[in-house]
Structure formats: C-alpha cells, structure tokens
Amino acid sequence: MNLLVRAAGSVVVGLGMVATIAGLALPWTLAGGRHPDLVTIAGIAFLGPLLSALCLAYARTEPRRSRLIAAVAGVAGAAAAVIATALARLVERSAGIGLGGPVTVAGSAALVLGWVTLAVTGAGALPRAKWRPWAAVGGVAALLVVVAGFAVDWAREGRFVDATTAGAAPAAQAQSWPLPFTGVELVGVHGELTILRAGDGIRAVWLGSGTTAWQYLRSGLSSQAAGLVDDAVVVAFGTEDGVLVTALEAATGAERFSRRYRSGKLATVHAAGRTAVLSGVGAGAGDLLGIDARSGTRRWRWAPARDGAACDVTDLAATAETVAVALRCRAQGVDDVAVGLAAATGAERWSWHAIQRGGTELRVYPTGAGFVTLTGATPRRATHLDANTGAVGARHDAAGTLAVATEAGLIYADPGSAQGHLTAVDARTGAARWNVGLAGLGGYQPVAGTAADGHAYLLWRSSSGALRLLTASTGDGSTEEERAVACTSRCPDISIAAAGSHAVVATREEKATRLYLSAT
C-alpha cells in the first residue's frame with residue numbers, strides 16, 4: 001500500500017507540473033487575454049514545475065534524502081500557489097476570469113499535495129509494471145482531475161453566482177398591493193410569474209402569493225437589459241469589453257447558457273422567434289446582436305449605419321421572422337429610416353424612409369404580420385409596412401397620444417377635452433374598427449399600455465398623480481375593469497406588462513432600487 005501511495009504522489013506531482021505550465025501559458029482574463037508580468041511568471045515557473053523537476057531528478061540519485069527533498073519542493077510549491085492565488089484574486093470580474101489563473105493555482109496545489117504524499121511515504125521503489133497497482137494510481141489521478149475541474153469552474157464563475165430554482169407554486173393568498181421588490185425594470189409576465197430585473201440580476205415573483213419563486217444574481221457585474229425570449233429570460237450583464245448574456249428558463253430559473261460577447265452598452269432585449277435581439281438605444285447605440293435563445297450561439301451582428309456614419313437607434317420591434325429597427329441618421333441631414341432585418345441571419349430585407357413633419361423620433365410597432373411606423377408630431381402619421389417585403393400599405397393619422405400594438409393593429413388612447421377615448425385602427429386598411437368614450441377618466445392622461453390575449457391594459461394618470469388601470473376588450477373596446485393603482489408618490493417611472501389573465505403595473509421613483517408592483 002505504501003508503494004501505491006508513493007506512486008500516486010509521483011503522478012500527482014507530474015500532473016501539477018503540467019497544469020502549472022499550462023496555466024501560465026493560458027490567458028488569465030477573458031477580456032484582452034492578459035497574463036501576469038514575465039518576472040512573476042518566471043518566479044512561479046521556477047518555484048513550481050522547474051524546482052519540482054530538479055527535485056525529482058535529485059531524489060533518484062539520493063534516495064536517502066527523499067524526505068528532505070520532498071519537503072523543500074513542497075514548500076516551494078506552496079510559495080508558488082500563494083503567489084498564483086494572490087494574482088488570480090486581482091483579476092477584475094468585469095474582465096472575466098480566464099483559465100490561466102485557476103489552472104495555475106490548481107497545478108501548484110497539486111504539486112504541494114504530491115510532495116506531501118512523497119514526504120510522508122519516504123524512500124522506496126515504485127511498483128513494478130503490473131496493471132493492478134497502476135490502475136489504482138490512475139484512478140486517483142482521474143479523481144484529482146475531476147475535482148480540479150470542478151474547482152476551476154467554481155473559481156471562474158460559481159463563486160460569483162447566487163441562483164435558486166422554482167419549486168411548486170405556494171397557495172394563493174390575498175395581497176395588499178402594491179408590494180415592494182428589489183428591482184429597476186419590469187421585464188414581463190410569464191404564466192403565474194412576474195420577472196424583475198435589478199442591478200445585480202433577475203428575480204421572479206409568484207403573482208398569487210407575492211413570494212420569490214427563483215433568482216439569478218451575480219456579484220461584481222451590473223445588469224444592463226433583460227427580456228423574455230422563447231420562454232426564457234435573457235439578461236445582459238456589462239463586462240470590461242462587452243456583455244455576459246445569460247438565458248434562464250422563465251418558469252424555473254434553470255440556466256440554459258451563459259456566454260460573453262463583444263458589444264457596447266445594451267438597453268433592450270427583444271424576441272424575434274427564438275432569436276434574442278440585443279440593442280443599445282440613442283446615439284452611440286453600437287451594433288445589434290442576434291443570439292439563439294436556446295444555445296447562446298451568436299447568429300448575427302448588424303451595425304446601424306448609413307452613408308458611412310453611425311445612426312441613432314430610436315426604436316425596435318420584432319415579429320417571429322423580421323426585426324424592424326428605427327434609425328435617425330445624420331450623415332446627409334436628418335434622415336429617419338426603418339430597416340427590416342431577417343431574424344435568423346440579420347440580413348437586410350428592406351428599408352423605408354420617413355417623411356417627417358416634426359422633430360419627433362420614428363417609432364415602430366409590431367402588428368401581426370407587419371409593422372406600423374409613427375412619425376411626426378400631432379397628429380402623428382401611421383404607415384403600415386409588410387414584415388417580409390417592407391411594402392408600404394395604408395396610412396392614417398394617429399387617433400391618440402398613446403399607441404398600443406395588437407395583432408390586428410393599434411389601439412389609441414386619447415385624453416380628449418372632456419373625456420378620454422379609445423380608438424382601434426386596422427393596420428392593413430387604416431380604418432377605425434371601433435371608438436369608445438371613457439366618461440370616468442376626464443382629466444386623466446394615458447401614460448402606458450400593453451395588450452395580451454384579447455385584452456388591452458391602459459394606465460391613466462391624473463394631474464394629482466393618481467393612477468387608474470383600465471382593462472378593455474380589444475374586440476370592441478368595452479370596459480371590463482377599472483381600478484385605482486396605489487402609488488407611493490407621483491411615480492415618474494411607470495411600466496406595465498401582461499400575459500394570460502394577469503397584468504402587472506410597476507412604479508418606481510427616479511434612481512430608486514425598488515419597484516412597487518400591483519397585479520390583477
């Protein structure tokens with residue numbers, strides 16, 4: 001048994017030498033592939049693999065001093081491990097922990113373990129060439145490699161992640177909305193869950209009980225944007241040279257993938273079928289990324305530019321097959337243009353130039369198999385575009401100050417002079433489908449809205465800051481429910497999301513890190 005342990009120690013020393021050399025050769029950061037300085041690399045290489053190789057050779061010529069030789073090599077390996085650990089801890093999380101540091105630390109630790117084993121066992125010949133003793137040694141070596149692999153993975157990513165997954169939904173209970181939650185953005189509603197983005201990651205809340213269902217939080221990186229794509233929450237964290245994109249199953253929080261991409265700062269995540277479209281907004285928006293929401297494969301990258309100059313991204317909308325990007329370009333005067341991209345490849349399918357009647361930026365809305373663009377000031381001009389070809393269809397003047405997209409077209413909310421109005425317009429024909437008055441909302445202004453499963457949800461705010469949520473049928477505009485939404489103050493930041501039979505309203509004070517949720 002002593003000989004087998006000694007053989008295992010020798011194998012571990014060999015693995016440590018190889019791992020340390022490999023770690024010093026590999027990049028220590030993901031951003032820029034940086035390494036420690038040459039003097040430090042030389043020091044670790046001397047104290048670790050080089051000195052160990054010399055000690056192995058010397059121990060063969062002086063077997064009676066094997067314990068002393070092993071002790072010297074073990075102390076040197078420990079020094080190398082301490083230096084490598086200190087350097088690995090200096091790597092910024094935003095730069096990404098490369099393989100080099102953790103592998104070097106693991107290799108140096110293996111050297112120490114191997115030399116301690118040899119020091120304990122003392123002198124002795126190694127087992128002869130029989131397969132059974134060496135099979136045991138090989139098993140020890142394989143176990144060490146597996147353990148080191150898990151340790152390296154934890155050192156690079158696992159220690160920065162605080163993640164849980166959802167179990168069974170707790171029993172529903174009456175809630176006194178609004179409820180406060182850590183967050184800066186209402187991402188959306190999925191089934192019985194509402195998804196919130198905070199600076200440190202994502203949280204999902206059960207709508208029936210108001211308790212947290214699952215969370216995915218990262219230390220050291222700040223989230224930039226998130227969206228629901230293909231039943232997953234796709235969240236982008238800012239890094240030193242781009243973004244770390246993580247996809248989580250919306251229902252459970254289980255991780256699909258986590259990958260890094262070179263990119264500028266991102267502000268939105270949109271769903272185009274199973275493609276997650278990540279984009280910045282405004283001036284300096286940078287390239288758009290199309291990422292497969294199941295595998296994390298980057299499908300395409302597209303630069304918002306015209307006539308050799310970058311354009312501002314003013315809006316973005318998507319269908320299952322086409323992404324419509326609204327741009328403001330200034331290479332030759334002010335030019336507002338909508339560009340249609342293939343969702344799967346990012347190839348440009350069409351472009352449409354707006355004839356503006358004011359300084360208002362171009363907006364674009366998805367409506368079934370097409371898009372509707374809104375241009376100009378009051379009254380804004382709406383134009384229907386075919387999603388696949390960009391063919392221009394019917395035009396009409398917007399019938400309100402707030403537009404909500406539906407499968408059939410747009411629903412406009414207008415405060416009116418004496419009472420509010422809702423008007424539904426068919427996107428393909430430009431004809432009004434219905435128009436209803438809202439006598440109970442006189443003096444209120446529409447501030448946010450969404451539509452889901454045959455219902456339109458519209459938020460109205462009075463001059464005093466009071467909020468009311470109106471639920472109407474998208475078929476005929478009939479009011480299905482009207483309720484007050486509690487607000488802690490004037491709530492300058494308001495958003496709404498809906499899916500199925502649930503609608504969630506989020507209010508937030510400016511620069512605050514808490515969202516107040518009210519759910520139907």
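**Helix packing, strand pairing and selected residues**

The axes of helix α2 (residues 38-61) and helix α3 come within 9 Å and cross at roughly 160°. Axes here are lines fitted to C-alpha atoms, for helices over the stretch in contact, and angles run from 0 to 180 degrees between N-to-C directions. Helices (H or I, at least four residues) and strands (E, at least two) are DSSP runs, numbered from the N terminus. The model is predicted, so that local features need pLDDT of at least 70 and side-chain atom pairs count only at pLDDT 80 or more, while totals for chains, interfaces and linings use all residues. Residues are numbered from 1 along each chain as its sequence is written, and side-chain values use heavy atoms, with hydrogens and water left out.

Given their crossing angle, α2 and α3 are therefore roughly antiparallel to each other; angles under 35 degrees count as roughly parallel, over 145 as roughly antiparallel, 65 to 115 as roughly perpendicular and the rest as oblique. The crossing of α2 and α3 is left-handed, a term that applies if the near helix is turned anticlockwise from the far one by less than a right angle, with right-handed used if clockwise. On the α2 side the contact (heavy atoms within 4.5 Å) is made by T40, I44, L47, G48, L51, C55, Y58 and A59. The α3 residues involved are I69, A73, A76, G77, A79, A80, I83, A84 and L87.

Helix α3 (residues 66-89) also packs with helix α4 (residues 100-121), their axes coming within 8 Å and crossing at roughly 160°. These two helices are therefore roughly antiparallel as well, and their crossing is left-handed. From α3, the residues that meet α4 are R67, A70, A73, G74, G77, A78, A80, A81, A84, T85 and A88. Their counterparts in α4 are G101, T104, V105, S108, A109, V112, W115, L118, A119, V120 and T121.

T20 belongs to helix α1 (residues 2-25). With a relative accessibility of 0%, T20 counts as buried; buried means under 20% relative accessible area, exposed over 50% and partly exposed in between (1.4 Å probe, protein chains only). Not counting residues up to four places away in sequence, T20 touches I44, P49, T104, G107, S108 and L111. Of these, I44 is among the α2 residues in contact with α3, and T104 and S108 are among the α4 residues that meet α3.

Strand β12 (residues 275-279) is largely enclosed by the rest of the structure, because 5 of its 5 residues are buried. In a regular strand the side chains alternate between the two faces of the sheet. Both faces of β12 are covered, with T275, V277 and S279 buried on one side and A276 and L278 buried on the other. Strand β11 (residues 268-272) runs antiparallel to β12 and is joined to it by 5 bridges; two strands pair if DSSP finds at least two bridges between them. One of these bridges has A272 and T275 as partners. The β11-β12 hairpin has 2 residues between the strands, and G273 takes a positive phi near 65° there. Strand β13 (residues 288-292) pairs with β12 in the antiparallel sense over 4 bridges, and L289 of β13 is the bridge partner of L278.

An open sheet is formed by 4 strands in the order β17-β18-β19-β20, with antiparallel pairing. Its edge strands, β17 (312-318) and β20 (348-353), each pair on one side only. The twist averages 20° from one strand to the next. Within this sheet, strand β18 (residues 322-329) and strand β19 (residues 335-342) run antiparallel and are joined by 8 bridges. The bridge partner of A324 in β19 is G340.

S473 lies in strand β31 (residues 467-473) and counts as buried at 13% relative accessibility. A polar atom of the S473 side chain lies 3.1 Å from the backbone nitrogen of G475. Leaving aside neighbours within four places in sequence, S473 is in contact with W434, G454, S478 and E480.

H502 is located in strand β34 (residues 502-508) and is buried, with a relative accessible area of 14%. The side chains of H502 and E192 are joined by a polar contact of 3.1 Å. A polar contact is a pair of N or O atoms within 3.5 Å; within protein, one must be able to donate a hydrogen and the other to accept it, and residues adjacent in sequence count only if both atoms are side-chain atoms. Leaving aside neighbours within four places in sequence, H502 is in contact with V189, G191, E192, L207, A497 and T520. The C-alpha atoms of H502 and V11 are separated by 61 Å, the two residues being 491 residues apart along the chain.
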